[in-house]
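Biologist: I have a model open and would like to go through some of its packing. Can you take me through it?

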Amino acid sequence: MTADKQLYRKLKIENIRGIIFDYGGTLDTRGDHWGKVLWHSYVRQAVPVSEEQFREAYVHGERTLARNPIIQSHYTFYQTLSVKIRLEMEFLITSGYWDASEEEFHGKHEAVLNDLYEEVKATTAHSRTVLEELSKTYPMVLVSNFYGNINEVLKEFGMAHLFGQVIESAVVGIRKPDHRIFSLGVEALNMDSDDVVVVGDSFYKDIEPALKAGCKAVWFKGEGWTEDHSDESIPTQVITDLEQLFA
């Protein structure tokens, strides 16, 4: 077994014994902010609203989900995404931004939902391939701000077996960017924080709190929600594809 392990690929960052992964934006969108991913699908499916109008709808949807227990623990990602898009599109209609008939509403909802779901299936398949390779050498934990159904989502995309433990904000009562949620991940790995690297897409919610928790941090840099420019010298590593984790 020891001889075989020498053949496994190693992280580019040295002296790491365990890995903490974020989920949303890291494993399902190649580092891109979900708001941008949704907007691009609205454009592809010709939903007749402006990006400014969509941004209002996106914020409304996220705040609604944060305030109300709409997403149930048994919901798949497909169901979760369906709810998010419905909340956004209903807001666009009630705000007077989109004069859609019931038929048009349902048609565009289904078009955006299926377009995005196929994209996420392809992205998570790529992520799973990388995680499978990493899991041969490194224990892994997932830390995520989610709705209480992340375990169902991981099963849906064939990744549940890859994480020794899942730390979910809705369950533990701590949300990123509070660095304590990453400290829980370190405890789950039973390691010193300096031996752990966090991989996440959000500079504010992943990278900064991970470093505050004493971990190393890899920024999966994709398309952000804003035009803010973060200091790329702060993370331990910056990547644009999970494959770049490997040496």
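**Rings, a central strand and a cavity**

Modeller: To start, the charged end of Arg55 sits over the ring of Trp225, 3.9 Å from its centre. Keep in mind that this is a predicted model.

Biologist: Is Trp225 buried or exposed?

Modeller: Trp225 is buried, with a relative accessible area of 18%. The cut-off for buried is under 20%.

Biologist: How many aromatic pairs does a search of the whole structure find?

Modeller: The search finds eleven aromatic pairs. One of them joins Tyr58 and Trp225, which are tilted at 45° between the planes, with 4.9 Å centre to centre.

Biologist: Which parts does that pair tie together?

Modeller: Tyr58 belongs to helix H3 (residues 51-67) and Trp225 to the loop between E5 and strand E6 (237-239), so the contact links parts that are 167 residues apart in sequence. Tyr58 is buried as well, at a relative accessible area of 9%.

Biologist: Which residues form an aromatic cluster?

Modeller: Trp34, Phe77, Tyr78, Tyr117 and Phe157 form one.

Biologist: Back to charges over rings. What sits over the ring of Phe246?

Modeller: That is the charged end of Arg9, 3.8 Å from the ring centre.

Biologist: New topic, strand E4. How many of its residues are buried?

Modeller: Five of the five residues in E4 (residues 196-200) are buried. Both faces are covered, with Val196, Val198 and Gly200 on one side and Val197 and Val199 on the other.

Biologist: Which strands does E4 pair with?

Modeller: Strand E1 (residues 18-21) pairs with E4 in the parallel sense over four bridges. Strand E5 (residues 216-220) also runs parallel to E4, and four bridges join the two.

Biologist: Last one. How many cavities of 30 Å³ or more are there?

Modeller: The count comes to one, and the largest cavity has a volume of about 30 Å³.

Biologist: What lines the largest cavity?

Modeller: Thr26, Arg30, Thr123, His126, Ser127, Phe220 and Leu242 do. Helix H5 (residues 102-135) gives the largest share of that lining, three residues.

How values were computed
Residues numbered from 1 in each chain as written. Predicted model: local features only at pLDDT ≥ 70, side-chain atom pairs only at ≥ 80, totals over all residues. Heavy atoms only, no water. Buried < 20%, exposed > 50% of the residue type's maximum accessible area, 1.4 Å probe, protein only. Pairing = 2+ DSSP bridges. Phe/Tyr/Trp six-rings, centres within 6.5 Å; stacked < 30°, edge-to-face > 60°. Lys NZ or Arg CZ within 6 Å of the ring centre and 35° of its normal. 1 Å grid on protein atoms, 1.4 Å probe; cavity = no way out; pocket = protein on both sides within 12 Å on 5 of 7 lines; lining within 4 Å. Points joined across faces, edges and corners; volume = space filled by probe spheres on them.
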